[in-house]
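The following report was prepared for a reader who wishes to go through the packing of a protein chain step by step, with the coordinates at hand.

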Amino acid sequence: MSLNDKPAPRRVIGSRPHAQPVEGALRADQVAVLFLPCAMGVEPLLESEAARILGERARVQAGRGGVEVLPRQSQGMAECVFLLNLESRLAQRVLWRVAQRIYRHEDDIYAMARQVDWSAWITPRQTLRVDVTARRSPLRSLNFASLRVKDAVCDVLRDKAGERPSVDTQRPDLSLVLHLDELQALLYVDTSGEALFKRGWREDTGEAPLKETLAAAMLAAADWQGRPEDGPLLDPCCGAGTIPIEAAQIACDIAPGLQRRFAFERLLPFRAHLASWQSIREAARQRRHPPRVQIFAGDVSFRMTDFATRNAERAGVRDVIEFKTADALQRPAPVERGVLMFNPPYGERIDPKGSGSSHARAEQRAGREDFEDREEAGAFFLRLSAHWKRQYSGWTAWVLSPDMKLPGAMRLKETRRVVLFNGPIECRLFRFDMVAGAMKPVRSDAPAEPAPDQSVD
C-alpha cells in the first residue's frame, strides 16, 4: 500500500491491504484492525517486529504491502497504537481501520463514511484531511471520492454539534486514508501524522538520502541487532548517516519515535489514555543503555561527514559512532572482524580523494549521481572488492543495489540476496562473506532469494 504524504489527494497505485469480510463502521471504542503499511519485501520483517513490540497484546499477520494487527481486547487498542508508533522502525504508518464496504460509485463511499461517529474523533473546531490510494479502482475521479469522505465527516459533525470542521492540508488534526481496490473501499484514521521514517533528527541531507525505514530494513534483513555476537558495524559511504545512526539507536535500545509527535495526541479517543502514553514514553527514555558493539562510519566527502555528525548529535548517538572522512577504496578495517553495511552512492561522491577535479566537485555537490557509463561503475566496484579482499578478510558485507549483476561486477559470489524496494526501485541486498564460513549463520526471517546457481533472476 502506497500512502500519499502530499497535501492534495492523488491517485496512487498500491497494494490492497488484507481486509476482514465484515462491512460497516466501527465505533472508536470498538475493537478494530490496525494496518501497518511498509515497503514491498519488508512484510515478514515487520510482522516479526510488530509481534515483538506487542507481545500477547495482539495477533499480527503479514499481508501484501503491510501487516495487520488485531488487538486481543478493545481496551488495549490505544496501547497498541502508542507502542507501534513509538517503537516500529519498519512501518510507514499506523492506520486504524474504521469502516469498509463494497462500492460501485462515490455515493457508496459517502454512505460508508457517514456511518462513522466522527464526533468521537474530533470536534468541529479541529481540522481534517483526506488522502486516497487506489489499485484498479473503477472510479473516474479519486479527488471526488476524497471529497465525498470529507462531506460525510462534515455532515456527521454538523448534525451532532451544529458546526463543521475545516480542511487543513498541512497539519490536520484528523488525517484519513481511503483505500480503493476494484471492489472494496477501506477507510482508515492515520494515527501517525507524518510518515514514521521522519524520526525527528534528520535536518542535514544529501541529494538522495536513504530513508530511515529502509536503513532499518537492511539491518533487520542482516539480523544485526547490536548484540556482541553481531559484531561491529561499518558504513564506509555513510552519506547523511542514516545507516549508522539507525544502528546506533538499535545498539542503545533507543525508540525511533522518541523525538517526534504523533497525530493520535490530538484525537479524542486517546485523550483518556494520555497519562499511559506519557508513562510509555518515559519508560522508553529510561531504558537506554551503552552500546555493546562498536559502530564506524565515514564518507569521502567532508561535507557529508559533517552532515552525518550533526544528525547523529540530534539523534543522541554522536558519542556512539566513530566518524572518519575517508575514501572507501582506501580505508583499512577498523577492527579484525565485523559487518559492512553499504548503500553505494553513484558517481562523484565515491571517487577517491586523489582524483583531482572530480573530488572537488564531490565536495561541492556530495550527491548520488549516475555513473557516466557501466564501465566506470564496474571499475569502481572491482576496485572495491579487491580492497575488501585485502583489508576485510573475515568480514561480512551487505550491499544494497538495483543492479542484479553486481556480484559479477565485483567478482564475488553472494551467499544471500534479499529483495528490498527503495521507493519504486526494486533492489537486492547482497551478502558477501569475505572468508567463507567465518561469520555466524544467518538467522533472519527476511524473504531471501537463493544464490544464482540455484535460481535465475
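The model is a predicted one, and the description begins with helix H2, which spans residues 77-87. Of the 11 residues of H2, 10 are buried, so this helix is largely enclosed by the rest of the structure. The buried set consists of Met77, Ala78, Cys80, Val81, Phe82, Leu83, Leu84, Asn85, Leu86 and Glu87, and these residues pack against both strands and helices, namely strand S2 (33-37), helix H1 (43-54), strand S3 (58-63), strand S4 (66-71), strand S5 (95-102) and helix H7 (274-286).

Two packed helices are described by the angle between their axes and the distance between the axes. For H1 and H2, the angle is about 125° and the axes lie 10 Å apart. Since angles over 145 degrees would count as roughly antiparallel and 65 to 115 as roughly perpendicular, H1 and H2 are therefore oblique to each other. Their crossing is right-handed, and the contact is made by Glu49, Ala50, Ile53 and Leu54 on the side of H1, with Cys80, Leu83, Leu84 and Glu87 on the side of H2.

The largest nonpolar core holds 103 residues, and those with the most contacts inside it are Trp96, Trp118, Leu178, Leu180 and Leu187. The largest share of this core, 8 residues, is contributed by H2. Apart from this core lies another, of 21 residues, among them Cys237, Tyr392, Val399 and Leu406. Which residues does Trp118 touch, not counting those up to four places away in sequence? The partners of Trp118 on that count are Val98, Ala113, Ala152, Val153, Val156, Leu157, Leu174, Leu176, Leu187 and Val189.

Strand S5, one of the elements against which the buried residues of H2 pack, is itself mostly covered, with 6 of its 8 residues buried. S5 pairs with S2 and also with strand S9, residues 184-190. Within these pairings, Val33 has Arg97 of S5 as its bridge partner, while Leu95 has Asp190 of S9. Elsewhere, strand S11 (residues 295-299) pairs with strand S12, and Phe296 stands opposite Glu322 in S12. The pairings are set out here.

| Strand pair | Sense | Bridges |
|---|---|---|
| S2 and S5 | antiparallel | 3 bridges |
| S5 and S9 | antiparallel | 7 bridges |
| S11 and S12 | parallel | 5 bridges |

Strand S12, residues 321-325, has two faces: Ile321, Phe323 and Thr325 form the covered one, whereas Glu322 and Lys324 form the uncovered one.

Arg136 has a positive phi of about 60° although it is not a glycine, and its place is in the loop between strand S6 (127-134) and helix H4 (142-161). Asp223, likewise a residue other than glycine, has a positive phi near 55° and lies in the loop between helix H5 (212-221) and strand S10 (233-235). Is Asp223 buried or exposed? Because buried means under 20% relative accessible area, Asp223 counts as buried at 7% relative accessibility.

Key: Residues numbered from 1 in each chain as written. Predicted model: local features only at pLDDT ≥ 70, side-chain atom pairs only at ≥ 80, totals over all residues. Heavy atoms only, no water. Buried < 20%, exposed > 50% of the residue type's maximum accessible area, 1.4 Å probe, protein only. Helix = DSSP H or I, 4+ residues; strand = E, 2+ residues; numbered from the N terminus. Contact = heavy atoms within 4.5 Å. Core = buried A, V, L, I, M, F, W, Y, C linked by side-chain atoms within 4.5 Å. Pairing = 2+ DSSP bridges. Axes fitted to C-alpha atoms, helices over the stretch in contact; angles between N-to-C directions. Parallel < 35°, antiparallel > 145°, perpendicular 65-115°, else oblique. Left-handed = near helix turned anticlockwise from the far one by under 90°.
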